[in-house]
Amino acid sequence: MSELDEHALLKKRIDQVLDEFVSAEAQALADVDASLAPVAEQLRAATEHGKRFRAVFCYWGWLGTGQPDSEALVRAAAAVELVHAAAVVHDDLIDRSRTRHGRPTAHIALRQALTDRARPKAGARALAMLTGNLLMALAGQLFTTCGLPAAYLNRARPLWAVLARELVAGECLEILGTGGEPDPEASVKIIRYKTAKYTVEHPLHMGGLLAGAPPRLLEAYSGYGLPLGEAFQLRDDLLGLFGDPVRTGKDPADDLSGNRPTALMAHTLRSAAPGERRELHRLLGQGQLSGKQVERVREIARRTGAVARVEDMITARLREAHEALADADLPAQAHHALSGLATFATARHH
């Protein structure tokens, strides 16, 4: 079986766990009252798509200790995807994003349930917030009922508080930094806490802790996971502006309209000529940017060397992750899988 086939098979197992679990929980919610059906549908919609990187890293964090494949572990790993689903719903709400995977985001889709009410937009945003809250709660439910022994679960339980705290810290840092002076270092700190840690490092630790990994292996997971998580998000930032929206499922104007403090924009603003900087300040934060205006931002980002600089940041972090992996004491299968995942996560086109 090829590496891609193996990854596809694991993803299919994770998808099945999520589909069965979320469908049951969505039905239980809809059974409370028929009017809750649109909210229940957003639970399903929020978990239907995804590369399942977080669950996959948790799985290999477990196998990296020498533990065998386990259906209970796959269920525990799938719980991390529910954290991601919750974060996405909340992130889209905060950023006022209209599309995700080419479909309306939760707070946009839920307006249909309130068309005959006063202030349907505000009501839909409130429903989306509660949808995200429920997804986060369901993550804990799936994790604690995954089927692993209680002693195993107790080893990883404290990490949930760390994961939630650092995820919220990153989101808060982004909100506090939006519209401020460009700061590449602050932008990297935001992605480290908002995305990198809960995408790679924490899932690896989750799998490792469940299996009783020694401190040295957890340190190796951090040495690999943190730079890789940052590289993953830096690639996401580039794809947000330069990617094909048909493949990314996102509007290329999203980060610009939200004036988000990405490393790409921080480097662009730092290196732009005075006239270009004034032009960028006029465009960033605008609600409706035209295709021509988006292309102008792309031109400035390329001309200033910001795109090349971010690519260099990705390359350096990928190299750091591979070096940490080379020094880790891992079974050959886990080493091979994590090496492939590092390349897959940073060389993607969507």
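Tutor: A residue counts as buried under 20% relative accessible area, as exposed over 50%, and as partly exposed in between (1.4 Å probe, protein chains only). The model is predicted: local features need pLDDT of at least 70 and side-chain atom pairs count only at pLDDT 80 or more, while totals for chains, interfaces and linings use all residues. Residues are numbered from 1 along each chain as its sequence is written, and side-chain values use heavy atoms, with hydrogens and water left out.

Student: Does glycine 177 count as buried, partly exposed or exposed?

Tutor: Glycine 177 is placed in helix α7 (residues 150–177). Helices are DSSP runs of H or I with at least four residues, strands are runs of E with at least two, and numbering starts from the N terminus. The relative accessibility of glycine 177 is 25%, so its class is partly exposed.

Student: What separates the C-alpha atoms of glycine 177 and proline 261?

Tutor: Along the chain, glycine 177 and proline 261 are 84 residues apart.

Student: How is α1 oriented to helix α16 (residues 332–346)?

Tutor: Axes are lines fitted to C-alpha atoms, for helices over the stretch in contact, and angles run from 0 to 180 degrees between N-to-C directions. The axes of α1 and α16 come within 11 Å and cross at roughly 90 degrees. Angles under 35 degrees count as roughly parallel, over 145 as roughly antiparallel, 65 to 115 as roughly perpendicular, and the rest as oblique. The orientation of α1 to α16 is therefore roughly perpendicular.

Student: What is the make-up by class of the contact of α1 with α16?

Tutor: On the α1 side are Glu3, Glu6 and His7, which meet Gln333, His336, Gly340, Leu341 and Phe344 of α16. Ala, Val, Leu, Ile, Met, Phe, Trp, Tyr, Cys and Pro count as nonpolar, Asp, Glu, Lys and Arg as charged, and the others, Gly among them, as polar. By class, the contact of α1 with α16 has two nonpolar, two charged and four polar residues.

Student: How do helix α13 (residues 274–283) and helix α14 (residues 291–303) pack, and what is the handedness of their crossing?

Tutor: The axes of α13 and α14 lie 11 Å apart, at an angle of about 140 degrees. That angle makes α13 oblique to α14. A crossing is left-handed if the near helix is turned anticlockwise from the far one by less than a right angle, and right-handed if clockwise. The crossing of α13 and α14 is left-handed.

Student: Which residues are the buried ones of helix α12?

Tutor: Helix α12 (residues 263–271) has nine residues, of which seven are buried, so α12 is largely enclosed by the rest of the structure. The cover over these buried residues includes α8 (184–210), α9 (215–242), α11 (254–257), α13, α14 and α15 (306–327). The buried residues of α12 are Ala263, Leu264, Met265, Ala266, His267, Thr268 and Leu269.

Student: Which residues have the most contacts inside the largest nonpolar core?

Tutor: A nonpolar core is a set of buried Ala, Val, Leu, Ile, Met, Phe, Trp, Tyr and Cys residues joined through side-chain atoms within 4.5 Å. The largest such core has 79 residues, and helix α4 (residues 71–95) gives the most to it, with 14 residues. Another core, of 26 residues, lies apart from it, and Leu234, Ala263, Leu283 and Ala306 are among its members. Inside the largest core, the residues with the most contacts are Trp60, Leu210 and Tyr224.

Student: What is the phi of arginine 52?

Tutor: Arginine 52 lies in the loop between α2 (37–48) and α3 (53–63). At a relative accessible area of 4%, arginine 52 is buried. Although arginine 52 is not a glycine, its phi is positive, at about 65 degrees.

Student: Which residues are in contact with aspartate 329, apart from its neighbours within four places in sequence?

Tutor: Aspartate 329 is located in the loop between α15 and α16. Its relative accessibility of 70% means that aspartate 329 counts as exposed. Beyond four places in sequence, the residues in contact with aspartate 329 are Gly64 and Leu217.

Technical notes: Contact means heavy atoms within 4.5 Å.
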